[in-house]
Amino acid sequence: MSDAGRRILTLIVGSLLFGSIAMAQGGGGTLRIGLNSEPITLNPAITNNQIDVFVSAKVYEGLIYVDEDMNPVPGLARSWEVSDDGLTITLQLQQGVRWHDGVPFTSADVKFSLEDVVKTKHPLGPSQLAVLESVETPDDETAILHLSGPSIFFASPYLALNASTAPIIPKHLFEGTDIATNPVSSNPVGTGPFRFEEWVRGSHIVLVRNDDYWAAGLPLLDQVVYLVIPDASTRLLAFENGEIDYLPFGVPYSALGRLGARPDVDVIRFRDTRYQIHGLYFNVRNEPFSNPLVRQAIAHAIDKQAIVDNVTFGYDRVANSIQQSGSVFYNPGVPTYDLDLTTAAALLDQAGLTPGANGIRFETVFTVDLGAGETALKTAELLRDQLAKVGIALKIVPLERATFLQTVYQNYDFEVATFYGTMGPDPSVGSKWFVTPSAPASFVNPTGYSNPKIDDLLGEFAVQTDQNRRRELFNEAQDILLTDLPYIPIREDSWPVLVSSRFTGVATDMFAGKADRLLNAARR
Amino acid sequence: MASRVSTIPRRQWTHGLRHFTSSKLAGISAAILVLVVIIALAAPLIAPYPPLQTGVSPALIPPSTTNLFGTDDLGRDGFSAIVFGARTALTVGGIAGFVAFAVGILLGCWGGLRGGRVDDFLMRVVEAFQVLPVFFVMLVIASVFGPSTEVTALVLGLLAVPSVARLVRAEALALREADYVAAGYALGNTHLTVAFRHVLPGVLGTALTVSSLEVASAILTEAGLSFLGFSDSNVASWGAMLNNSRQFLSSAWWMAVFPGAAIAVVVLSINSVAEGLANMTNPRLVQR
C-alpha cells in the first residue's frame, strides 16, 4: 500500500476508533482537531511556531496566563507579588504538582526553564527575557525573579511568563542534554491537563487526560487528537463530514457562510485577534504619496464596509485605527475618514492632481503581499474599482511573500502596499510598524514615514509600566498616525474558526488560544 | 528521401489544404479557433461589462440571462471575464508560438545549413535550454519579476525554441544535400538567399506544426501559473478564474466550469489544428 494510502487508512481507522470511544464514554469525549501542518517540535521552550505551541501547550504550562480581557490569571504560579521598584517578582507555585512521569514539580524546574532554556533558546527569549537576571529558589514552592530594569513583558499581565513565551519544562529530563535533540522534545512530559500519548508522523498526535491535574475536576475532555491534513480543501471536507471537530487554522471566509448556516457547526471568532489589522501603506518618500492630502483623499475614497462585506462575507469589522477596537489600547476618538468621493476629489484637486482628458488623475502601483492570505488580492481588486471612481488608476502587482519582503521592506521599491500588521499581545510589540526604523527589515516601518513625536511616544510606551499613562501615550500616537495617514487601516481580522456544535468551550481566545489548555472544553 | 525533398512545395501546400479541410476534426477545430480569435478581437463589443469590474451584479449568482456565465464572489461577470480571458490566452499563445517559430527556424536553418562548429555550438545551447523544467522556470521568473502576461509569453516562447529548432535543423541538414539546394549554391547564391528561397519552404510545415503545439502548451502553462496565483491581476485570465473558483466549488460550480471549458476547448482545438497541419505537410499522406 502506498504511503498516502496507509495514512488515509490510519486516519479512517483512527477516527472510527476514537469516535466509538467518545460515544461509549459520553461527557468528556475525544476532541479531534485538524492541523494544517505537522509540528516541528513538541518542546515549546525552543519554538515560536504556531502549530508547535498550539499542540504542546496542552502538555506544558506557563507560570501566568492571560484571560480574554488581558488580565493575569494563575498558571503554574498560584500567586505573585511585585516589589515597589518592579524589579523583583516573587512567585508562589502551585502545590503538589507532578510531572506526567510522577516526579514532583519544583521551583528548580522554573529556574532551569527560564535561565537555561527559554532565555537563550526560545526565539523570543533574548528579547522578552532580556531583563531577567536570575531566578532565586528559596524553597520548592517559591521562585523569585530578579530583573535588571523595567520591562513591559514583566509588567501586568506578565507576557514574558505565559505558556507560549515561557513554558516550564522538566529539569530532571532535560538538564545536561541537547534540548532540541532530546527525545523528550518529541515525547513531551509536562504538568499540563493532557499527557502525551503518541505522535505518528504525517498522521496524528494523541493526548490523553491527565487524571492528576492540579486544578481539581479539570480538564473535562478524555482525549485530544490532532489530525495533520495539509491540503485546505481536504481539511475542510473532513470537517464537513464530521471527521474533525475543530479547525483552528486557515478557515477560508468563503466557507463560513455555507458552514455557518449549518446547525451542527459553530463559527467562532477568536475574540482577541484584536491585534491583526489589514489595510495598506504608502511609500511617503515619493510623489504623489509624499503629500498627506493625497493620502487623505484615498482614505475618503475607500469603501471599507464594501471590502468587509465582499472579501470576508461580513465576518470582519471595519478598522478605524491601527489597533483593533476590542483592545484596551484602542482610541475611539481617532480621526476617521468617511466614504466621501466629493471630498476625495476636492483634496486631489487641491494637491494639484487634476483629471486628464481620460478622467485619470494619476496611475499608481499596488504591491500585494500574497503571503497575507486569499483576502489580500481581493481587497486590491476592490480598491482598484473604488479608486477608479476618483480618477486614480491602480495597477495591481501581486508578489509572493519572499519577493514582497525583498521589494517592499528591503528595497522600498513600492508606491502602495498591503498592510497586514499585528500589534502583538501588547502594542509595544507592534509599534515597530510606525517608528523610524534603524535599518530595512521585514515587518518594520517600510513607509519612509518618520515622525520624532511618534518615536518619542512609542519609545516611552515600550518602557512605561503604568497602564493609564501607556493608554494616554498610545491614544496620542493613534491620533497622529491617523492624521498623517502613512497607513490606512481597512479591516480588523477576526480569525474565524470552525467548531462542531457537539462540543462546547473549545475555542476561546487566540492569543491565549495559541497556548490554550482546553480546560473547559467538553461534549455537550 | 530524395522523392520527399524534391516535392515542389507549392503543390504540396494546395494538396495539403484539401487534405486538411477533408479532416473533419481539424476543420471544426479551425473554425472554433477563428471564432475565438474574433471573440478576442471584438471583446469590448461582445462583453456586457468590464471584465475586472467588481459589483456589476450581485455576488455568486448562477448563470442567467443578465449574467450568462454567472458572477464570482466579488460580483464580476463571468461571461465578460471569459471573453476578455480569450485575449490573454491568445496573446500568450500567439507570442509564445511566434517566438518559438521565428527563433526556432532561424537557429535551425542556420545550424543545419552551416554545419560544423556553428551547428555544434547552436545545438548545445538549444539542448541546454531543452533540459530546463519549463513550469519551474516560469514559477521562478514570475516570483522574481512579478507576474506579467508579456514576459510570461516571451519566456514560454524562448523555452519552446529547442523543440522547433531541433526539428528544423534536422530537415535543413537533409535539404542541404538536395540537388536543388546544391544548384542554388552553384548559381552563386549566398547562404541567406538559399535559406530563404530553397530551404525555408521545405521546413515551414514542420516548424508550423511544432510551433502550433507550443501555442497550446503555452496557453496551458499560463493557465497553470495563474491557477497557482502567478497571474497578472490587471487582465482577465482563465487560469486565475479557476484559481478563484476553488473555494466555491461546492457552492458556485459555474465559476469553475466555464473557464475550465474555455481552456479545454481552445487547447484541444489548437492541438487538432496542429495535427491537421502535420498531416497536410506530410508528403506521404498528401501524395496518397
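# Close-up views of a two-chain predicted model

**View 1. Chain B is built from helices.** Chain B has 13 helices and 0 strands. Helices (H or I, at least four residues) and strands (E, at least two) are DSSP runs, numbered from the N terminus. This is a predicted model: local features need pLDDT of at least 70, side-chain atom pairs count only at pLDDT 80 or more, and totals for chains, interfaces and linings use all residues. Residues are numbered from 1 along each chain as its sequence is written, chains are lettered from A and ligands numbered from 1 in the order in which they are written, and side-chain values use heavy atoms, with hydrogens and water left out. Of the 288 residues of chain B, 50% count as buried. Buried means under 20% relative accessible area, exposed over 50%, and partly exposed in between (1.4 Å probe, protein chains only). Take the contacts in chain B with a separation of 6 or more: residues 24 or more positions apart account for 71% of them. A contact here means heavy atoms within 4.5 Å.

**View 2. Helix α5 of chain B spans residues 78–114.** The helix has 37 residues. From first C-alpha to last, α5(B) reaches 53 Å, close to the 54 Å expected at 1.5 Å a residue. That expected span is 1.5 Å times one less than the number of residues. α5(B) is mostly covered, with 26 of its 37 residues buried. Just after α5(B) comes B:Gly115, with a positive phi of about 65°.

**View 3. A salt-bridge network in chain B.** B:Asp120, B:Arg124, B:Glu127 and B:Arg166 are linked by salt bridges. A salt bridge is a side-chain nitrogen of Lys or Arg within 4 Å of a carboxyl oxygen of Asp or Glu. B:Arg124 is partly exposed, at 45% relative accessible area. B:Glu127 is also partly exposed, at 29%.

**View 4. An open sheet in chain A.** The sheet has 6 strands in the order β14-β18-β13-β17-β15-β16, with mixed pairing. Its edge strands are β14 (317–318) and β16 of chain A, and each pairs on one side only. Two strands pair if DSSP finds at least two bridges between them. Strand β13 (residues 276–282) of chain A runs antiparallel to β17(A), and 7 bridges join the two. In β17(A), A:Ala417 is the bridge partner of A:Tyr281. A:Ala417 also stands opposite A:Thr367.

**View 5. Strand β15 of chain A and its neighbours.** Strand β16 (residues 392–399) of chain A runs parallel to β15(A), joined by 8 bridges. Here A:Asp369 stands opposite A:Leu399. Strand β17 (residues 416–422) of chain A is also parallel to β15(A), joined by 2 bridges. β15(A), helix α11 (residues 374–388) of chain A and β16(A) make a right-handed β-α-β unit. Right-handed means that, with the strands pointing away from the viewer, the path from the first strand over the helix to the second runs clockwise.

**View 6. Two salt bridges within chain A.** The whole structure holds 25 salt bridges over all chains. A:Asp212 pairs with A:Arg195, the closest N and O atoms being 3.8 Å apart. This pair links distant parts of the chain, 17 residues apart: A:Asp212 lies in the loop between β9 (204–209) and β10 (223–228) of chain A, and A:Arg195 in strand β8 (residues 194–200) of chain A. A:Asp212 is exposed, at 60% relative accessible area. A:Arg195 is partly exposed, at 25%. A:Glu175 forms a salt bridge with A:Lys171, again with closest N and O atoms 3.8 Å apart. A:Glu175 is partly exposed, at 48% relative accessibility. A:Lys171 is partly exposed, at 26%.

**View 7. Where chain A meets chain B.** The contact takes 19 residues from chain A and 21 residues from chain B. Together the chains bury about 1,600 Å², 48% of it on carbon and sulfur atoms. In chain A, A:Lys378, A:Arg384 and A:Asp385 lose the most area to chain B, together 28% of what that side buries. Buried area is the accessible area (1.4 Å probe) that two parts lose on being put together, summed over both. Across this interface the rule finds 2 salt bridges. A:Glu381 forms a salt bridge with B:Arg76, the closest N and O atoms being 2.8 Å apart.
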